[in-house]
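Try each one before you read its solution.

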Amino acid sequence: GADGKLRYKFKKEDIKRISKELGDIDPVVIEETALGESELISIEQLEKVYFVLISCHMAKDNYAEASQYASILKHSDNKYYSYFGIYVETLSSKYLLSNTEDIKTNYAKAIAYFKNRILADYTDSLATLFRVRLYAEIGEYERAKELSSILSENDKIAALNYIQECQQKQW
């Protein structure tokens, strides 16, 4: 666009498809009239739509669809969206893959990625939080608890609750 931002066209059929995918847990309203045939949206807006779609598909345990959007979102310039995409793609593999070794490999790669992000910036609490979640999901509860100790109080409480939830599910 004129402002130097990458923009996407959203056609009416895309809006209908997205609205249909959102189904009855539609947290946003996407109106055809607001995004007509020639309307352009920014990459940031599109990523926001992908984030919402991922969240909706995860809520419906539709991991295949969530993983598709996550594989796109992980390339975002927005750190949170990128991390969320990597995390969701990894979590989805737990439900989509039958080979335990492939799942372990996916988790090891994601954990290593977040560890490298922390080594590059030790203040990156978001990377720590996702790493804690991944450890909890593969049953490394003590490691997850240990890592959660460096989080802010609110993040630590959320992380410890998630670890406990994973222990109860025996993930």
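Leucine 96 sits in helix H4 (helices are DSSP runs of H or I, at least four residues, numbered from the N terminus). Before we dig in: this is a predicted model, where local features need pLDDT of at least 70, side-chain atom pairs count only at pLDDT 80 or more, and totals for chains, interfaces and linings use all residues. Residues are numbered from 1 along each chain as its sequence is written, and side-chain values use heavy atoms, with hydrogens and water left out.

**Exercise 1.** Work out whether leucine 96 is buried, partly exposed or exposed.

*Solution.* Start with the cut-offs: buried is under 20% relative accessible area, exposed is over 50%, and partly exposed is in between (1.4 Å probe, protein chains only). Leucine 96 has a relative accessible area of 44%, so call it partly exposed.

**Exercise 2.** Check the span of H4 against its number of residues.

*Solution.* The expected span is 1.5 Å times one less than the number of residues. H4 covers residues 79-96, which is 18 residues, so it should span 26 Å. Its end C-alpha atoms are 25 Å apart, which agrees.

**Exercise 3.** Find what the buried residues of H4 pack against.

*Solution.* First pick out the buried residues, among them Tyr81, Phe84, Val88 and Leu91. Then look for contacts (heavy atoms within 4.5 Å): the partners are helices H2 (43-59), H3 (63-73), H5 (100-120), H6 (125-137) and H8 (153-169).

Methods
Helices (H or I, at least four residues) and strands (E, at least two) are DSSP runs, numbered from the N terminus.
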